[in-house]
Amino acid sequence: MSVKTRFAPSPTGYLHVGGARTALYSWLHARANDGEFVLRIEDTDLERSTPEAVQAIMDGMKWLALEWDEGPIYQTHRFDRYKEVIQQLTGEQKAYPCFCSRERLDELRENQMNNKEKPRYDGKCRDLTAEQIDLSKDHVVRFKNPKEGVVTFKDVVKGEITIANKELDDLIIARTDGSPTYNFTVVVDDMDMGITQVIRGDDHINNTPRQINIFDALGYAAPEFGHVPMILGDDGKKLSKRHGAVSVMQYRDDGYLPEAVLNYLVRLGWSHGDQEVFSIAEMKSLFDINNINKAPSAFNTDKLKWLNQQYIKSTPIEKLMPHLQWHLDQQGVELSDGPEIADLVVEFSERAQTLNELVTVLKPYYQEFEAFDPKAAKKHLRPVARPVLELIKSKFAAVNDWQPESIQAAVDQTAAELDVGMGKVGMPLRVAATGAGMSPAIDLTLLWVGKERAIARIEKALDFISLRESQA
RNA sequence: GUUCCUAUAGUCUAGUGGCUAAGGACACUUGGCUUUCUACCAAGUUACUGGGGUUCGAAUCCCCAUAGGAACACCA
């Protein structure tokens with residue numbers, strides 16, 4: 001049977017890292033096995049589902065390039081089908097109407113809790129006689145769960161799991177208004193769509209035996225299940241709004257490349273020997289559902305940053321450019337009358353962990369900076385630097401052919417004439433020209449800043465030094 | 001409370017009974033390279049939760065404890 005997996009989020013919020021990883025694993029398993037990947041929207045909770053959330057989830061998947069082969073399939077469009085299956089089960093006495101009031105259920109639950117028992121339905125309506133059933137009265141439909149025996153399944157990540165049927169109760173499959181509930185719709189959908197592996201969060205483990213029983217009642221062989229553990233925050237605690245339970249789109253905004261995020265996520269809970277860096281193509285061919293780790297793992301932003309830098313360094317400029325352009329636009333950096341961006345990216349890519357940082361360090365070559373970096377200025381724009389900057393300024397003014405060689409020659413001559421080391425010339429010049437204490441080699445830096453701008457900035461630095469002297 | 005899941009360094013992980021005085025990566029420390037900051041190279045610190053078994057031999061199998069987590073809705 002050919003592989004078919006699905007990602008089935010409920011549209012109640014954005015796509016967060018946990019969901020993204022589950023989607024990634026499902027997608028990879030399909031791709032690794034020449035299978036299909038379906039996107040299914042579990043929107044049977046009419047109250048909490050929103051079209052905005054559906055859009056947000058699809059935006060997240062598109063940014064990550066987790067393309068689906070089928071869907072999105074909305075469960076709300078399949079109500080007729082669910083109704084049909086409920087009727088089938090009721091007709092076969094595998095499900096039954098239940099007339100218990102919410103009040104009775106609440107009371108029952110409370111009593112059980114007080115007696116330190118697991119709260120569950122007591123089966124009051126399970127064996128009602130035909131005369132006792134009046135379908136005109138408000139009722140839900142419950143699935144008749146087996147009372148005896150155990151449900152055992154081999155989870156592809158957790159191993160064999162067994163739960164006794166007596167721990168399970170007769171769950172509601174149709175609400176009073178006739179709408180179907182989650183544990184039922186997943187089963188019908190996974191059956192109808194021919195899903196072969198269900199990969200989902202391990203918070204669903206406890207639902208699985210119930211679902212298997214429904215598959216059994218339907219006479220359909222259940223798919224394989226793989227329950228992936230949750231992702232913890234940087235601090236090892238459960239992910240929450242405060243730390244990291246953010247939308248994957250936040251990672252775009254923060255300057256991460258989708259491939260880096262995917263690479264980070266695939267290694268978080270999965271491994272292939274000692275390999276750390278995986279291209280998308282490698283992931284697709286090497287991913288093995290059986291190597292998923294059983295234990296929850298903590299998100300580590302440092303490592304993501306490292307990976308992101310690896311990707312920034314190794315991604316060819318033409319592939320990197322669209323992403324970089326997006327961030328340049330965000331920060332309002334205009335490339336049109338500055339140096340060739342590709343030349344700079346080669347030099348700067350190893351100096352930035354995120355695209356945001358990259359834009360920040362690129363900026364001075366395309367527009368004026370507001371102020372000198374305080375720390376760098378304090379250290380290098382001191383009175384002793386004045387003669388250096390004055391001399392280099394005059395030498396620069398005399399350079400007609402603004403090229404690395406001529407720039408370097410001017411710098412070398414300045415150091416020689418003043419009999420100072422390179423450091424005494426290079427650093428003040430660097431800070432003056434770029435506003436910051438770090439940049440590529442001085443000749444390239446100045447080449448890209450441009451002759452006119454370099455001279456203007458040196459003057460600005462001299463003013464800065466004067467101002468500083470007057471304040472001392 | 002009941003049931004289920006989990007447990008190798010700060011973090012992600014390798015390890016599926018002997019090849020391991022536990023390997024890789026991030027982070028950290030030190031050194032090299034470097035006019036700066038990176039990157040890069042080299043070296044180093046740090047771990048099998050505890051206790052019982054099984055076995056000639058256990059990080060690896062079993063049990064208990066401990067600690068985390070999940071589920072127990074007319075949510076998904």
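A residue is called near a strand if one of its heavy atoms lies within 4 Å of it; Ala, Val, Leu, Ile, Met, Phe, Trp, Tyr, Cys and Pro count as nonpolar, Asp, Glu, Lys and Arg as charged, and the others, Gly among them, as polar. By these classes, the surface near RNA strand B has 23 charged, 20 polar and 18 nonpolar residues. The model is predicted, with local features needing pLDDT of at least 70 and side-chain atom pairs pLDDT 80 or more, while totals for chains, interfaces and linings use all residues. Residues are numbered from 1 along each chain as its sequence is written, chains are lettered from A in the order in which they are written, and side-chain values use heavy atoms, without hydrogens and water.

RNA strand B is surrounded by 61 residues, the closest being K116, R175, T176, G269 and E350. Helices (DSSP runs of H or I, at least four residues) and strands (E, at least two) are numbered from the N terminus. Among the elements supplying at least two residues each to this surface are α4 (102-114) and α17 (422-434), but the largest share, six residues, comes from α10.

Individual atoms also approach the RNA. An N or O atom in the side chain of R109 is 3.4 Å from a phosphate oxygen of RNA strand B, and a polar side-chain atom of R430 lies 3.3 Å from a base nitrogen.

Elsewhere, the lining of the second largest pocket divides into 11 nonpolar, six polar and five charged residues.

Key
Polar contact = N/O pair within 3.5 Å; in protein donor to acceptor, adjacent residues only side chain to side chain.
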